[in-house]
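This briefing concerns the structure shown below.

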Amino acid sequence: MNVWPVRLGAAALAALTAAACGDSGPQVPTERSNLVLVTVSSLRADHLGIYGYPRNISPNLDLFGASGAVFLEALTPWPETGRAAAALLTGVDPSRSARGEPARLLDGATLAARLREHGYRTLAAVSHPALAAELGFGSGFDEFREHWGDAAAATDRVRDFGIEALGAAAEDSPVFLWLHFAAPARPHEPPEEDLNAVRSDTMTPAGPRFRGGPQPTAAVAPGAGYGELADAYDASIRSVDRAAGAVLGSVASGPLRGRTLFVVAGLYGESLGEHGPPFEAPRTLFRETLEVPLLVGWPGGDGTRVPTETRFGSAVGLADVGPTALELIGVPLPETLPMGTVGKSLIPALLGDDPRPHRRLYAQSERGLFGVYDGRLRMLRIPIPGQEAPLFALFNLVRDPNEAENVYEQARFSMEPLKAQLETRRIQTVAWQQDNEGASAADPDVSPELDEALKARGYR
């Protein structure tokens, strides 16, 4: 596990302290800061250069990460676009904040709604149908654009909307802009220039390997060998990096320079064959699907509000993004938090003032798969069809970062407390889901256009 030290200079410490630890909590600055949130479906942390990937497919995000804060162990609570986005936008466990298939966002108390209450103009453009306005994801936004269909065209339209919106931002009216890119998610349709670039770089990664050799399922994807699969996936990431880089450039060189907090987050990672067939659904709860990039910075800033070269090694969740962003831009957190809130501000952790920087993070997926991670160990509860008793698996990620060796049987007695906590969370989230699903019969059917778009993404 890579953990680099956090570098906080005196000026950075003073700036963060002023933002996070005033006499009565966060202090709203006289000049309110803008917020740009960029999210990406199916984006693994370990496929960006700033996280150690050898291919040069993310130069813009790598440069941005070097200029701000990189969270080395950011985890999604649910490896699926809709529910992961629900957790990020609300700070609430996705079992509590979303229901149905595709997931509908239940709670209107979103990051957008909070910022609109404080005078922000709230804008969004998304390119994944699982984030459609009719599924609730437009809640709190003054303007919400949806671009489906051709992946390359949708990426360009989201990019163009972001640049246009930031260019039109008024000096006296702060903006919250959410841009979502779906390109790395299947089906892969990267622009030819990106596909040619990755194919010619001589850096096609080898198939996933374990201690006993290659995983048999890693070598074959439907219709393509591993190299072709990795090329198409990486080319899609390259196209998103170029689009995000254009938006970053418009901030760094424009009138919002130094006054805009920029956050980039993957919503979930993707298996390329490490623990089963590539891009298999439902997704398993291993490192490749759970660990996502999380980058935070101020394009064009002076490096004091979020200092350069900050590397934060403790595990954090996507639900932490909203509270952290609010505190950094000086907007107070709500006095009353919704039931099921799991997100918290990471400012105390960045300052070294968090008494519990390592906390247990829970995740789940379809078909009743649950997991818990405590910064060192990951335990999975895996239901077996036709059997009453589930299978438990335990992986020590310090000794076994590839999660190849299940050590549950050797450690089962000492792991009873962790198992009990996982079971408690499972019972709690199942109860939330049952409450939510009890009302889902009243949900209207989706429109024919959305239904077709969801089918193209494998949702129907």
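Asp-46 is partly exposed, with a relative accessible area of 36%, whereas Arg-44, at 5%, is buried. The side chains of these two residues meet in a salt bridge with an N to O distance of 2.8 Å. The model is a predicted one, and a search of the whole structure finds 26 salt bridges.

**Overall make-up**

- The protein contains 14 helices and 19 strands.
- Of its 460 residues, 56% count as buried.
- When contacts between residues at least 6 apart in sequence are considered, 73% of them join residues at least 24 apart.

**The four-stranded open sheet**

- Four strands form an open sheet in the order S16-S17-S18-S19, and their pairing is antiparallel.
- Strand S16 (361–365) and strand S19 (391–396) stand at the edges; each has a single partner strand, so one side of each lacks a neighbour in the sheet.
- On average, neighbouring strands of this sheet are turned by 15 degrees against each other, direction ignored.
- Strand S18, covering residues 377–382, pairs with S19 in the antiparallel sense over 6 bridges.
- Within this sheet, Ile-382 stands opposite Leu-391 of S19.
- Arg-367 is placed in the loop between S16 and strand S17 (369–373). Although Arg-367 is not a glycine, its phi is positive, at about 65 degrees.
- Arg-367 counts as exposed because its relative accessibility is 69% and the cut-off for exposure is over 50%.

- Arg-381 and Glu-423 form a salt bridge in which the closest N and O atoms are 3.1 Å apart.
- This pair links distant parts of the chain: Arg-381 belongs to strand S18 and Glu-423 to helix H13 (residues 416–438), 42 residues apart.
- Glu-423 counts as partly exposed at 23% relative accessibility, while Arg-381 counts as buried at 12%.

**Other salt bridges**

- Arg-412 forms a salt bridge with Glu-409, with 3.3 Å between the closest N and O atoms.
- Arg-412 is partly exposed, with a relative accessible area of 29%, and Glu-409 is exposed, with a value of 53%.

**Enclosed elements**

- Strand S15 (residues 310–317) is largely enclosed by the rest of the structure, because 8 of its 8 residues are buried.
- Both faces of S15 are covered: Thr-310, Phe-312, Ser-314 and Val-316 are buried on one side, and Arg-311, Gly-313, Ala-315 and Gly-317 are buried on the other.
- S15 pairs in the parallel sense with strand S2 (residues 69–75) over 6 bridges. In this pairing, Leu-75 stands opposite Gly-317 in S15.
- Helix H10 (residues 321–329) is likewise largely enclosed by the rest of the structure, since 9 of its 9 residues are buried.
- The buried residues of H10 include Val-321, Pro-323, Thr-324, Glu-327 and Ile-329.
- Gly-330 follows H10 and has a positive phi near 85 degrees.

**Cis peptide bonds and a further positive phi**

- Glu-101 and Pro-102 are joined by a cis peptide bond with omega at about 5 degrees. Pro-102 lies in the loop between strand S3 (98–99) and strand S4 (104–105).
- A cis peptide bond also joins Arg-186 and Pro-187, where omega is about 5 degrees. Pro-187 is in the loop between strand S7 (175–181) and helix H7 (192–199).
- Ser-42, a residue other than glycine, has a positive phi near 60 degrees. Ser-42 is situated in the loop between strand S1 (34–40) and helix H2 (59–66).
- Ser-42 counts as buried, at 0% relative accessibility.

Technical notes: Residues are numbered from 1 along each chain as its sequence is written. This is a predicted model: local features need pLDDT of at least 70, side-chain atom pairs count only at pLDDT 80 or more; totals for chains, interfaces and linings use all residues. Side-chain values use heavy atoms; hydrogens and water are left out. Two strands pair if DSSP finds at least two bridges between them. Helices (H or I, at least four residues) and strands (E, at least two) are DSSP runs, numbered from the N terminus. Axes are lines fitted to C-alpha atoms, for helices over the stretch in contact, and angles run from 0 to 180 degrees between N-to-C directions. A salt bridge is a side-chain nitrogen of Lys or Arg within 4 Å of a carboxyl oxygen of Asp or Glu. Buried means under 20% relative accessible area, exposed over 50%, partly exposed in between (1.4 Å probe, protein chains only). Contact means heavy atoms within 4.5 Å.
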